[in-house]
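This report describes the protein shown below.

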Amino acid sequence: MKIFFLFTFSTFFWSPFEQAAASVHYDKILTHSRIRARDQGQNVCALQQVMGTKKKYFSTCRNWYQGAICGKKATVLYECCPGYMKMDGMRGCPAVAPIDHVYGTLGIVGATSTQHYSDISKLRGELEGRGSFTFFAPSSEAWEQLNSEIHRNLIDNVNIELYSALHHHMVNKRMLTKDLKNGMTLVSMYNDQKLLINHYPNGVVTVNCARVIYGNQIATNGVVHVIDRVLTAVGNTIQDFIEVEDDLSSLRAAAITSDVLDILGKPGHYTLFAPTNEAFERLPRGLLERIMGDKVASEALVKFHILNTLQCSEAITGGAAYETLEGNTVEVGCDGESLTVNGVKMVKRKDIVTSNGVIHLIDEVLIPDSAKQVTELGGAQQTTFTDLMIQLGLASSLRPEGQYTLLVPLNGAFSDDTLRMDQRRLKTILQNHIINVKVGLNELYNGQELETIGGKLLRVFLYRTAVCIENSCMVRGSKEGRNGFIHILRQIINPAEKTLHEMLRNDKRFSVFLSLVKAADLDDVLSQPGKWTLFVPTNDAFKGLTDDDKDILIRDKNALRNILLYHLTQGVFIGSGFEPGVTNILKTIQGGKLYLKTVNDTLLINELKSRESDLMATNGVIHVIDKLLYPADLPVGNDQLLTILKKLIKYIQIKFVRGSAFKEIPLTFYKINIIESNVQPIIRKEEPIIKTYTKIIDGRPVEVTEKKVTEERIIQGPEIKYTRITAGGSDNEEKLKKLLEDEAPVRKEQPTRRTQGGTARRRTRLAYP
């Protein structure tokens, strides 16, 4: 037990201090295999064998706990660890394997075919002689899998061809697996041919993409590593292979057009997923021509098929993402004996080893997002939007050389009612999801305004875990194409058209709440520009409230404002922008706190469900509730008021502290500056200018007549000019006054009456900064 503990401790303690992390992966995986098999006796290793095959692996934790390799079920085997052997009648593998010369070691590790071929090719004497060799010895199964014609040619000429082939598997120095570093190149003993070594994080070691299946069997004159295939000579680069392979002529043309072919002729460790001519022929008509006619797109296309790392098929035991030369990633995995790319079985031929990498032939062309038009970026969950774009003629209006951002709702956002709309209305809706500039996710910021091609301004709201455009928040899946970005949204965007006050005024459900807002002199707060979140109780929340009760509430303006302003918070908070299940604390204008969270896509405010959320206004957002909100820690000191509140609020216990009073909340929180003047203004009027023109209102032309009157008021020197505009030529003073209040930077209040003696009138102006 002490010996086992010491071995385990030393392995884990020293491994971080080995020469390079990449050179000890095999040994680490082997150590894990020992630990998994410790109940079987000493020096036993646990392996996984893919069912229905002879393929065995020292497994990673991921494969071990999944019980599968390349998606296929694997059984557990227990064998002696490399270098150890069983003894009759004893548990585990207590004996050390005998050390012999390389020739004898081939028999010990079961590479009997290689041993036999070494004998008949006259290599035996060298393997038994003096020296320090590394022999990558093909297993007997590897010789059986060798191409029959190549195999026959070797056997027919044992003294030259077979002897040279075996020499190609040898290196003239001893190299253990810890010495076989990822990306290194060894020189074989045949014509100084290259042997490309890869040592992967999952513990797999390959030489020219042949996997080491039994490593580190020490010999007196070297070391033997058993491999799973017979090595063939490597001479050409990837570029050389593409230039002579007839089935890659389309890829060759694309690589030349994009100036990428030369890269594949340079030293490196590349992996090329090479589409065949048939794969190019299956592309949609016109797509290849468009990409090949665009130098940037064609370069992106070709580079998307190239990894800057060498990935042999035998090293892939599960899916992983690899970065391409184009900059984005592809998912490379396996399904049994087949390699997959982005989850699709498309590899026709694998492991064509060259001097600067490996080639896998595929029967599909991989098209990166960067080579696609923005309208081509939508996935299976965005087909409704993209189909409508085509049907309504919007897709064809987006120019390939333009710059766009598409805000694409998921398919489920389009209800049947929406899809049955008049096509003009539907087109307007889609136009509100198209931005005429290219805006990436990392370029969006809170408060940003984006103008659509329909002329609407959309506001951006950023939260801790969400980015929202008006009422709709994004889901993962933003992509950048050749001429724009696509962002995926949960819902259809509803641009704001009215202020909070206008929305309340136009919805009968809120008539009681609006009347209380008016009584509390809060109309201006909800009418002026700002950024508010308003929780609005419907009339149902006021059931049982009599006229007398309402009068009592209105007479106590401080109490009324405290109650109403507990429903208002500064900032625009979209319901779907909150992190699900997490409580968010908002401070209200009243000073109390609201506790918000979303559960199953429902917004809860103080645990009360919002019946309808995210109604967008130009100055904020409304969340509809059916209960009146009240701060639980705010006491009431008036018996009448307490009785009224108990009628309306039954979900909390309202505190009563006799004599307590509500604090006064001045209307300074929305930045109104009060300016007083005792100076009588001097008024000069100019001749009116009358102008007639046609305006489109609700889709119909209407003739409008404007009358412009310029009025100068001189107050202590500075001039303040107003322009009054009246529609239809009316001189109605009330209409003039209303338009003046809406458009002028200064709003006037009714002046006090002139005092006797003709003194100047005192007037108050409210100036909005």
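Strands here are DSSP runs of E of at least two residues, numbered from the N terminus. The model is a predicted one.

Lysine 593 belongs to strand β32, which spans residues 593-599. Its relative accessible area is 49%, so lysine 593 is partly exposed. Beyond the neighbours within four places in sequence, lysine 593 contacts Tyr566, Ile585, Leu586 and Asn606. Proline 631 lies 38 residues from lysine 593 along the chain, and the two C-alpha atoms are separated by 7.3 Å.

Leucine 594 is also found in β32. Because its relative accessible area is 0%, leucine 594 is buried. With neighbours within four places in sequence left aside, the contacts of leucine 594 are Phe535, Tyr566, Asn584, Ile585, Leu586, Thr588, Ile605, Asn606 and Leu629. Leucine 594 and glutamate 607 are 13 residues apart along the chain, and 9.8 Å separates their C-alpha atoms.

**Loop residues and backbone angles**

Glycine 41 sits in the loop between α2 and β1 (44-50). Is glycine 41 buried or exposed? Its relative accessibility is 12%, and glycine 41 therefore counts as buried. Not counting residues up to four places away in sequence, glycine 41 touches Arg91 and Gly92. Arginine 91 is 50 residues from glycine 41 in sequence, with a C-alpha to C-alpha distance of 5.8 Å.

Aspartate 521 is placed in the loop between α20 (511-519) and α21 (523-527). Its phi is near 60°, a positive value in a residue other than glycine. At 40% relative accessibility, aspartate 521 counts as partly exposed. A positive phi, near 65°, also occurs at asparagine 216, again a residue other than glycine. Asparagine 216 lies in strand β12.

**Helix packing**

Two packed helices are described by the angle between their axes and the distance between the axes. The table gives these values for two helix pairs.

| Helix pair | Angle between axes | Distance between axes |
|---|---|---|
| α8 and α9 | about 120° | 6 Å |
| α22 and α23 | about 95° | 5 Å |

For α8 and α9, the angle is about 120°, which makes α8 oblique to α9. Asn153, Leu154, Ile155 and Asp156 of α8 make this contact with Val158, Glu161, Leu162 and Ala165 of α9. By class, the contact residues of α8 with α9 comprise 5 nonpolar, 1 polar and 2 charged.

Helix α9 covers residues 158-167, and its buried residues are Val158, Leu162, Ser164, Ala165, Leu166 and His167. These buried residues pack against α5 (112-120), α6 (124-128), β7 (133-138), α7 (140-145), α8 (148-156) and β8 (170-171).

For α22 (residues 547-555) and α23 (residues 557-565), the angle is about 95°. Angles of 65 to 115 degrees count as roughly perpendicular, and α22 is therefore roughly perpendicular to α23. The contact involves Leu553, Ile554 and Arg555 of α22 together with Lys557, Leu560 and Ile563 of α23. The residues in the contact of α22 with α23 divide into 4 nonpolar, no polar and 2 charged.

**Cavities**

How many cavities of 30 Å³ or more does the structure hold? There are 6 such cavities. The largest cavity has a volume of about 120 Å³. Its lining consists of 13 residues, and Tyr26, Phe58, Gly203, Arg211 and Val212 lie nearest the centre. At least two lining residues of the largest cavity come from each of α2 (25-36), β2 (56-57) and β12 (210-219). The lining of the largest cavity is made up of 9 nonpolar, 2 polar and 2 charged residues.

**Overall composition**

The secondary structure amounts to 25 helices and 42 strands. Of the 769 residues in the protein, 48% are buried. Among contacts with a separation of 6 or more, 60% join residues 24 or more positions apart.

Notes:
Residues numbered from 1 in each chain as written. Predicted model: local features only at pLDDT ≥ 70, side-chain atom pairs only at ≥ 80, totals over all residues. Heavy atoms only, no water. Helix = DSSP H or I, 4+ residues; strand = E, 2+ residues; numbered from the N terminus. Buried < 20%, exposed > 50% of the residue type's maximum accessible area, 1.4 Å probe, protein only. Contact = heavy atoms within 4.5 Å. 1 Å grid on protein atoms, 1.4 Å probe; cavity = no way out; pocket = protein on both sides within 12 Å on 5 of 7 lines; lining within 4 Å. Points joined across faces, edges and corners; volume = space filled by probe spheres on them. Nonpolar A, V, L, I, M, F, W, Y, C, P; charged D, E, K, R; others polar. Axes fitted to C-alpha atoms, helices over the stretch in contact; angles between N-to-C directions. Parallel < 35°, antiparallel > 145°, perpendicular 65-115°, else oblique.
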